[in-house]
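Work through the following exercises with the sequence and the structure at hand, and try each task before you read its solution.

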Amino acid sequence: MVKNQHLDIDIQNFPNMCRACLQLGDVKPLINSKITTTLKSITNIEIVADDNLPKNLCYYCIKQLEEISVFAETFKTNDARLEEFWS
Ligand SMILES: [Zn+2]
């Protein structure tokens, strides 16, 4: 068993571990999911199939990601509208 005591991360838990909050529980796979595109645009971190790290997000973190994604889109859209105001 590979274990990092300091962070209390256990590789055996990776299949059920959220990549974001590291909690165990109900998780959704990231590979082949459009969540990875959103995650990359927000965090600039790419989830790749062979990096030996957890490849899931829990539903709480997915919700947070969706909310920040909506915020970012709203901000960008309205920023463009404000820029047009003076042009
Ligand atoms: Zn999570």
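**Exercise 1.** Find where Cys-18 lies among the strands, and decide whether Cys-18 is buried or exposed.

*Solution.* Cys-18 sits in the loop between β2 (9-10) and β3 (27-29), where strands are DSSP runs of E with at least two residues and helices are runs of H or I with at least four, numbered from the N terminus. The model is a predicted one, in which local features need pLDDT of at least 70 and side-chain atom pairs count only at pLDDT 80 or more, while totals for chains, interfaces and linings use all residues. Residues are numbered from 1 along each chain as its sequence is written. Cys-18 counts as buried because 21 C-beta neighbours lie inside 10 Å (buried means 20 or more other C-beta atoms within 10 Å, exposed 12 or fewer, partly exposed in between, with C-beta atoms placed from the backbone).

**Exercise 2.** Determine how Cys-21 is placed, and which residues Cys-21 is in contact with.

*Solution.* Cys-21 also belongs to the loop between β2 and β3, but Cys-21 has 13 C-beta neighbours inside 10 Å and therefore counts as partly exposed. Leaving aside neighbours within four places in sequence, Cys-21 is in contact with Cys-58 and Cys-61 (contact means C-beta atoms, placed from the backbone, within 7 Å).

**Exercise 3.** Which residues does UniProt list for "binding site", and why do they gather at one spot?

*Solution.* The unreviewed UniProt entry lists Cys-18, Cys-21, Cys-58 and Cys-61. Although they span 44 residues in sequence, no two of their C-alpha atoms are more than 8.1 Å apart, so they gather at one spot. UniProt positions follow the numbering used here, feature names are shortened, and annotations may be inferred rather than shown by experiment.

Note on methods. Two residues are in contact if their C-beta atoms, placed from the backbone, lie within 7 Å.
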